[in-house]
Amino acid sequence: MNLTEYLHSQLTFLNNQMSSAKKDKDETMQYLVDSKITEVKLILEALQKGIIDGLS
């Protein structure tokens, strides 16, 4: 699995966690998951722009 595939799987996981946190009305978990989603998206963006290399 390369870095891009891994990050996409992490986004899927985090989106599921966010859905659960919203369903449970857990604002702390929503905040934490949202910050992780933002981090993963920033890494994906850097990969797409060639700022970092997605090594296998």
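A salt bridge here is a side-chain nitrogen of Lys or Arg within 4 Å of a carboxyl oxygen of Asp or Glu. Searching the whole structure with that rule turns up two of them. Before we visit them, a word on what you're looking at. This is a predicted model, where local features need pLDDT of at least 70 and side-chain atom pairs count only at pLDDT 80 or more, while totals for chains, interfaces and linings use all residues. Residues are numbered from 1 along each chain as its sequence is written, and side-chain values use heavy atoms, with hydrogens and water left out.

Start with the overall layout. The protein has two helices and zero strands, where helices (H or I, at least four residues) and strands (E, at least two) are DSSP runs, numbered from the N terminus. Its radius of gyration is 13 Å, well over the 10 Å that the globule rule gives for 56 residues, so the protein is more spread out than a compact globule. That radius is taken over C-alpha atoms, and the rule is 2.2 Å times the number of residues to the power 0.38. Along the principal axes, the C-alpha trace spans about 40 × 20 × 10 Å.

Now for the inside. Of the 56 residues, 20% are buried, meaning under 20% relative accessible area, with exposed being over 50% and partly exposed in between (1.4 Å probe, protein chains only). Nonpolar side chains tend to be buried together in soluble globular proteins. In this model, the largest nonpolar core has nine residues: Leu 7, Leu 11, Leu 14, Met 18, Val 33, Ile 37, Val 40, Leu 44 and Leu 47. Helix H1 (3-23) and H2 are the elements that give two or more residues to this core, and H2 gives the most, with five. A core of this kind is a set of buried Ala, Val, Leu, Ile, Met, Phe, Trp, Tyr and Cys residues joined through side-chain atoms within 4.5 Å.

Leaving out residues up to four places away in sequence, Leu 44 touches Thr 4, Leu 7, His 8 and Leu 11. Contact means heavy atoms within 4.5 Å. Among the protein's contacts with a separation of 6 or more, 54% are between residues 24 or more positions apart.

Side chains of opposite charge can pair when their charged atoms come close. Glu 39 pairs with Lys 36, with the closest N and O atoms 3.5 Å apart; both lie in helix H2, three residues apart, about one turn of the helix. Glu 39 counts as partly exposed at 40% relative accessibility, and Lys 36 is partly exposed too, at 42%. In the other pair, Lys 49 meets Glu 45 with the closest N and O atoms 3.1 Å apart. These two also lie in H2, four residues apart, about one turn of the helix. Lys 49 counts as exposed at 57%, whereas Glu 45 is partly exposed at 38%.

Met 29, found in helix H2 (residues 27-49), is partly exposed, with a relative accessible area of 34%. Over in helix H1, Lys 22 counts as exposed, at 53% relative accessibility. Lys 22 and Leu 42 are 20 residues apart in sequence and 23 Å apart in space, C-alpha to C-alpha.
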